[in-house]
Every structure is written in C-alpha cells, then in structure tokens.
Amino acid sequence: MNALEDIVRAAREEVAARRKRLPEAALRERALARGAGRDCVPLLRGGPGVRVIAEVKRASPSRGPLAAIPDPAGLAADYAAGGAAVISVLTEGRRFGGSLADLDAVSDRVDVPVLRKDFVVDPYQVWEARAHGAEMVLLIVAALGPARLAEFVALAREAGLTPLVEVHDEAEVEHAVAAGSAVIGVNARDLATLEVERGTFARVAPHIPEGLVRIAESGVRGPGDVAAYAHAGADAVLVGEALVTHGTPRTAVAELLAASHVRHPVDGPPGDRQDRPRRARLTDGGTPPTAPAWS
C-alpha cells in the first residue's frame, strides 16, 4: 500500500466515525445555513504577481513534525496581514496534525477565504468543509478517480464552495477540465512516493486551458521558487512548510509576494503561443541564479 492509499483508507474510517456522531442530513443543514461562500476564482486570477495561499500545517508524512502551532487562528491572521489571498488549513489529523477545530478557529478569525485541505473521498467531507467555515475545498484527482471527480466538483459548488482540483500529470489535467474545474492545482509532490519534482508545474501547466486558474503546489522553499513558478505561468502558489518554519510568517508571505510581481504567461503546447516569453525553468537543481536567498 502506497502513501496515498494508506491516507485514503484512514480518511474513510474517520468519516465513518464522524457520521455516527452527526448524521449527514444534519451536517448538510448546518452547511446550507451558512449560505454560499465567495467565488474565489476572481481572487486567485491575474494581478501583477502571483497570489499566495498560505497553509496552516503542523506536520507531514515526508518530514514529520514541522511546527507546534498552538494558535492556528493567530498564524492565519499573520498570513492575511502579510498579504495571503487564501488560508489553507490542513484538517487531516493522523499524519498532518490538523483538525476541524483548526478550520473553525481560522475561518472565524480571518476575512480572506479559507481552503479545507484534506483527502476528500466522501460527500460528507464536502458538507463538513462548508459547515466549518471553508469557502474552498481540495479535490484530488488521484484520490477520487476520474469517474467520481465531476460528481464532487458539482457537489462542492452545491455546498457553496469553490473546488480546487489537484492534478499531478497531463492525463489528470484532462480529467479536471472534463469535470468542469475552474481552479486547477499542480502538485509537485508524488502522493504515492512523497517525493517532490519541482519541474512538474512547468511541464504540466501548458496543458491547462486559458482562462482557468493555475496553482503551483509544493516545492516552494523561498522567494526564488515563487519567482520561477510565476515565470512558468502560475496564478497562485500554495505554501506550507516554508512558511510555518520561517519564524516571522507575516514577513515571509510579504517576501514571497514581492518575488512574483512580474508574471509571464505559460507556454502553450508545441507549436502554440510562440510569441510568448520563454518561462524560467524550475527543476530540482534549485532556483534561478538571480533568485534572492531566503533567510
């Protein structure tokens, strides 16, 4: 069993336990009582630089404990003060140390939209996200499979959420587009092996159609990586580990934003968009030579 399969199995077990405590019909009523969240697409598209989705993240399966984060709401407030467009809250508990209580605390504190980041495999989790204040929800193609993806994209919108659909390769982009996704995140981390390949976004992004929001996930160690993702055509970057380990989160977000003020459109498929600037290359070798160091 690879890492993703193990996490998905645990997610199903935990949902079953929560459903016994609160039936889905009651949860759905709570979610609908909140009304629809904001349409987050305009907030993530365009501008002089990329947007930052700043993550509340205590741990990861690949790195173990990262930060204690005794006050997730305070951390989120610092992120927002630094200019974060969206706050991502990991709610998976076994491997990431998150909880729905974190989601409650953050959504009650900040005015910017909040993304529930978890391994969503059951409709119950979608209703949970809105009931606990999220305005966005992560849907991972590799976890749901293409057959169920369109169902979950539609369900997220019914619940008043903007779905962020996560892909890892060109084939998954096709599934995301077919499902009607407006926001597509390209994760540089392989969820089966947990390894990061920083060239993934530059390779996959050209296959995302014009007009859709492109988000680069994973692989950001500092401003240089954000600058490279910006040159590769990202509308936004999702950053967790580099922020929670920085020491001054408000300053960290501001520095990431400052690195991305000049953004070039992504190259198209072979033979297309030949008039556009060549994108900066982002590989495991590091950041561009001119990228500032992050201290």
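## Pocket and ring pairs

The lining of the largest pocket holds 14 nonpolar, 6 polar and 11 charged residues (Asp, Glu, Lys and Arg count as charged; Ala, Val, Leu, Ile, Met, Phe, Trp, Tyr, Cys and Pro as nonpolar; the others, Gly among them, as polar). Of these 31 lining residues, Glu-55, Lys-57, Lys-117, Arg-189 and Ser-218 lie nearest the pocket's centre. Strand S6 (136–140), strand S10 (236–239) and helix H12 (241–244) each give at least two residues to that lining.

A quick word on the source: this is a predicted model, where local features need pLDDT of at least 70 and side-chain atom pairs count only at pLDDT 80 or more, while totals for chains, interfaces and linings use all residues. Residues are numbered from 1 along each chain as its sequence is written, and side-chain values use heavy atoms, with hydrogens and water left out.

The mean pLDDT (the predictor's confidence in each residue, from 0 to 100) is 88, and 88% of residues reach 70 or more. Over residues 266–293, though, the pLDDT is below 50.

Now for the aromatic pairs (ring centres within 6.5 Å; planes under 30 degrees apart are stacked, over 60 edge-to-face, the rest tilted): the whole structure has 2.

| Pair | Type | Centre to centre | Angle between planes |
|---|---|---|---|
| Phe-96 and Phe-119 | tilted | 6.0 Å | 35° |
| Phe-201 and Tyr-229 | edge-to-face | 5.6 Å | 80° |

Phe-201 sits in helix H10 (residues 200–204) and Tyr-229 in helix H11 (residues 223–231), so their pair ties together parts 28 residues apart in sequence. Both Phe-201 and Tyr-229 are buried (under 20% relative accessible area; exposed is over 50%, partly exposed in between, with a 1.4 Å probe and protein chains only).

Technical notes:
Contact means heavy atoms within 4.5 Å. On a 1 Å grid over the protein atoms alone, a cavity is a set of points where a 1.4 Å probe fits but cannot get out, and a pocket is an open set with protein on both sides within 12 Å along at least five of seven lines; lining residues have an atom within 4 Å of a point. Helices (H or I, at least four residues) and strands (E, at least two) are DSSP runs, numbered from the N terminus.
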